[in-house]
Amino acid sequence: MPPFANTSSSGRKIVGVCTSIEQEILLLKRNEMEGVKFPGYWSIVTGDVEAGENTFCAAARELREETGFEINGWNLKYLYNWHDDRFDFVFYLYKHTLSEKINPVIDLEHTDYKYINKSNLDSISPMDSILKNNLKSFI
């Protein structure tokens with residue numbers, strides 16, 4: 001169970017799942033349609049933790065909803081959490097490890113995907129800088 005030292009005044013929790021295989025990570029491009037947060041940005045799987053849900057279950061659900069990937073208890077690992085002062089939420093970062101490269105079935109929130117070598121994260125734009133820096137530190 002991840003530590004819950006970080007809190008937000010709103011109580012809002014967000015999960016992020018970084019899918020990786022060897023030195024590559026999966027990025028999804030956010031749709032630019034109305035209502036999508038961070039339109040056009042590259043990101044990992046992200047989403048809100050729903051009422052009554054823990055962060056692990058939320059991470060598994062978001063991964064399934066946004067990519068079609070199923071997890072088992074061995075390939076989803078909690079890494080770190082931080083408070084994002086800009087939006088007053090706590091972000092819980094998980095790592096999902098693949099044994100072979102699989103093409104995701106992306107949902108309507110996204111328009112594209114790509115696997116990139118994690119050493120090339122600095123070249124990805126647009127991408128949220130806090131997320132990018134935490135991925136570079138913990139993946």
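**View 1. Asp88 in the loop between S5 and S6.** In this predicted model, Asp88 belongs to the loop that joins S5 and S6. Look at its backbone: phi of Asp88 is positive, about 55°, although Asp88 is not a glycine. Most residues other than glycine have a negative phi.

**View 2. Glu22 in the loop between S1 and S2.** Here is another loop to explore, with Glu22 sitting between S1 and S2. Phi of Glu22 is near 55°, which is a positive value in a residue other than glycine. Is Glu22 buried or exposed? Glu22 is exposed, because its relative accessible area is 75% and exposed means over 50%.

View 3. A search of the whole structure turns up eight aromatic pairs. In one of them, the ring centres of Phe87 and Phe89 lie 6.0 Å apart and the ring planes are at 5°, so this pair counts as stacked; the cut-off for stacking is under 30 degrees.

**View 4. Lys114 over the ring of Trp42.** This close-up shows a charge meeting an aromatic ring. The charged end of Lys114 sits over the ring of Trp42, at 4.4 Å from the ring centre.

**View 5. Helix H1 from start to end.** Helix H1 covers residues 55–67, 13 residues in total. From its first C-alpha to its last, H1 reaches 18 Å, close to the 18 Å expected at 1.5 Å a residue. At the start of H1, find Asn54: one of its side-chain oxygens comes to within 3.1 Å of the backbone nitrogen of Phe56. At the other end, just after H1, Gly68 has a positive phi of about 85°.

View 6. Which residues of H1 are buried? They are Thr55, Ala58, Ala59, Ala60, Arg61, Glu62, Leu63, Glu66 and Thr67. Notice that the list includes Arg61 and Glu62 as well as Ala58 and Leu63. The strands against which these buried residues pack are S1 (13–21), S2 (24–30), S4 (45–48), S5 (76–84), S6 (89–97) and S7 (110–117).

**View 7. Leu63, a buried residue of H1.** Stay with helix H1 and pick out Leu63. Leu63 counts as buried because its relative accessible area is 0%, and the cut-off for buried is under 20%. Leaving aside neighbours within four places in sequence, Leu63 is in contact with Val17, Thr19, Val45, Gly68, Phe69, Ile71 and His96.

View 8. The largest nonpolar core has 18 residues. Those with the most contacts inside this core are Val15, Val17, Ala59, Phe69, Leu76, Tyr94 and Tyr115. S1, S2, H1 and S6 are the elements that give two or more residues to this core, and its largest share, four residues, comes from H1. A second, separate core has 17 residues, among them Leu93, Leu121, Met127 and Ile139.

**View 9. Phe69 and its contacts.** Now zoom in on Phe69 from the largest core. Not counting residues up to four places away in sequence, Phe69 touches Thr19, Leu26, Leu63, Arg64, His96, Leu98, Ile102, Asn103, Pro104 and Tyr115.

**View 10. Asn31 in the loop between S2 and S3.** Asn31 is located in the loop between S2 and strand S3 (42–43). Although in a loop, Asn31 counts as buried, at 16% relative accessibility. Which backbone atoms does the side chain of Asn31 reach? One is the backbone nitrogen of Met33, at 3.0 Å; another is the backbone oxygen of Leu108, at 2.9 Å. Beyond its neighbours within four places in sequence, Asn31 is in contact with Val36, Pro39, Gly40, Leu108, Glu109, His110 and Thr111.

View 11. Our tour ends at the loop between S7 and helix H2 (129–138), where Pro126 is found. Is the peptide bond from Ser125 to Pro126 cis or trans? The bond is cis, with omega near -10°. Most peptide bonds are trans.

Key: Residues are numbered from 1 along each chain as its sequence is written. This is a predicted model: local features need pLDDT of at least 70, side-chain atom pairs count only at pLDDT 80 or more; totals for chains, interfaces and linings use all residues. Side-chain values use heavy atoms; hydrogens and water are left out. Rings of Phe, Tyr and Trp (its six-membered ring) pair if their centres lie within 6.5 Å; planes under 30 degrees apart count as stacked, over 60 as edge-to-face and the rest as tilted. A charge sits over a ring if NZ of Lys or CZ of Arg is within 6 Å of the ring centre and within 35 degrees of the ring normal. The expected span of a helix is 1.5 Å times one less than its number of residues. Buried means under 20% relative accessible area, exposed over 50%, partly exposed in between (1.4 Å probe, protein chains only). Contact means heavy atoms within 4.5 Å. A polar contact is a pair of N or O atoms within 3.5 Å; within protein, one must be able to donate a hydrogen and the other to accept it, and residues adjacent in sequence count only if both atoms are side-chain atoms. A nonpolar core is a set of buried Ala, Val, Leu, Ile, Met, Phe, Trp, Tyr and Cys residues joined through side-chain atoms within 4.5 Å.
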